[in-house]
Amino acid sequence: GEVLLEAAGVRKAYGATDALTSASLRVRAGEVVALMGPSGAGKSTLLHCLAGIVRPDGGAVRYRGADLAALTDRARSALRRTDFGFVFQFGRLVPELTCLENVALPLRLNGERGRVAARRAREMLAELDLADVAGKRPGEVSGGQGQRVAMARALVTGPRVVFADEPTGALDSLNGEQVMQLLTTAARVRDAAVVLVTHEPRVAAYSDREVVVRDGRTRELEVTG
Ligand code: ADP
Ligand code: ADP
């Protein structure tokens, strides 16, 4: 597949802490890449640099050949909304909104009309077997369901890359496997790439490729996929 994302020699420090000293990585369309490694190694920082949320101090992150740092803030935010999807550890759904409204939200933020957004959100929920929870608020669904709703929200805009930071971290192993199965299948069907952070080998097993981050450096394992 096409190279979507490329990190080349990315560095990032927080004060005196070197979070990343040299991170390099390529992500192709349709590929599921797991960032592995011990706590504090720089995995989340790398994910945030790749997603255009954190600006590297050095090196470059390119999306489809364009250096993220060369874009205006506005262009970078627009790119995040249209081309990227995000899944976090605790879902981070808006508690006051129903699950349907949560999934429709990114479409609304992209300027989609209410009825169109609601219809597409409903279709997305149905595809992930979540039609039953459409009218419920996040507080009224199980942890696994909530995380699947978060996935529906990440996928509904048709992103090219889904970023997932410990997407199964708050789930038991059965729900975790279900979430990974769903995420990787939904992404492959769309030829979207997934970049996920995990410290669980069982979760990383769903990826095509594992990249180990240690002391702020990347190290690729052999290609298995
Ligand atoms: P990992 O995801 O592998 O656990 P992180 O990328 O979260 O690693 O963190 C890498 C290092 O950078 C750690 O030492 C962490 O404490 C530090 N760090 C991360 N984010 C911040 C921040 N916003 N402010 C200060 N230090 C940070
Ligand atoms: P600092 O580390 O100095 O607090 P930030 O990383 O918070 O800086 O980002 C400062 C500015 O860089 C903000 O205007 C922000 O919008 C922009 N920015 C954020 N992410 C990126 C990125 N990936 N590439 C370039 N600029 C970015």
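## Close-up views of helix packing and ligand surroundings

**View 1. Helix 5 meets helix 6 through residues from both helices.** On the helix 5 side, the residues in contact are Gly-144, Gln-147, Arg-148, Met-151 and Leu-155, and their partners in helix 6 are Asn-175, Gln-178, Val-179, Leu-182, Leu-183 and Ala-186. Sorted by class, this contact has six nonpolar, four polar and one charged residues. Please keep in mind, here and in every view below, that this is a predicted model. Helix 5 covers residues 143–155 and helix 6 covers residues 173–189; the two pack at an angle of about 15°, and their axes are 10 Å apart. Because angles under 35 degrees count as roughly parallel, helix 5 is roughly parallel to helix 6. The crossing in which helix 5 passes helix 6 is right-handed.

**View 2. Helix 3 and helix 5 cross at roughly 25°.** Here we stay with helix 5 and turn to another of its neighbours. The axes of helix 3 and helix 5 come within 7 Å. These two helices are therefore roughly parallel to each other. Their crossing is right-handed. From helix 3, the contact takes in Cys-99, Asn-102, Val-103 and Pro-106, while helix 5 brings Val-149, Ala-152 and Arg-153. Five of the residues in this contact are nonpolar, one is polar and one is charged.

**View 3. Helix 3 packs with helix 4 at an angle of about 120°.** Helix 3 spans residues 99–109, helix 4 spans residues 114–127, and their axes lie 8 Å apart. That angle makes helix 3 oblique to helix 4. As helix 3 passes helix 4, the crossing is right-handed. To trace the contact, look on helix 3 for Cys-99, Leu-100, Val-103, Ala-104, Leu-107 and Arg-108. On helix 4, look for Gly-114, Ala-117, Ala-118, Arg-120, Ala-121, Arg-122, Met-124 and Leu-125. The residues of this contact divide into ten nonpolar, one polar and three charged.

View 4. A backbone N or O atom of Gly-40 sits 2.7 Å from an oxygen atom of ligand 1. For Ala-41, a backbone N or O atom is 3.1 Å from an oxygen atom of the ligand. For Gly-42, the distance from a backbone N or O atom to an oxygen atom of ligand 1 is 3.0 Å.

**View 5. Ligand 2 has Gly-52, Ile-53 and Arg-55 among the residues around it.** A nitrogen atom of ligand 2 lies 3.3 Å from a backbone N or O atom of Gly-52. At Ile-53, a polar backbone atom is 3.4 Å from a nitrogen atom of the ligand. Arg-55 reaches ligand 2 through its side chain, with a polar atom 2.8 Å from an oxygen atom of the ligand.

Definitions and conventions:
Residues numbered from 1 in each chain as written. Chains lettered and ligands numbered in written order. Predicted model: local features only at pLDDT ≥ 70, side-chain atom pairs only at ≥ 80, totals over all residues. Heavy atoms only, no water. Axes fitted to C-alpha atoms, helices over the stretch in contact; angles between N-to-C directions. Helix = DSSP H or I, 4+ residues; strand = E, 2+ residues; numbered from the N terminus. Parallel < 35°, antiparallel > 145°, perpendicular 65-115°, else oblique. Left-handed = near helix turned anticlockwise from the far one by under 90°. Contact = heavy atoms within 4.5 Å. Nonpolar A, V, L, I, M, F, W, Y, C, P; charged D, E, K, R; others polar. Near = heavy atom within 4 Å. Polar contact = N/O pair within 3.5 Å; in protein donor to acceptor, adjacent residues only side chain to side chain.
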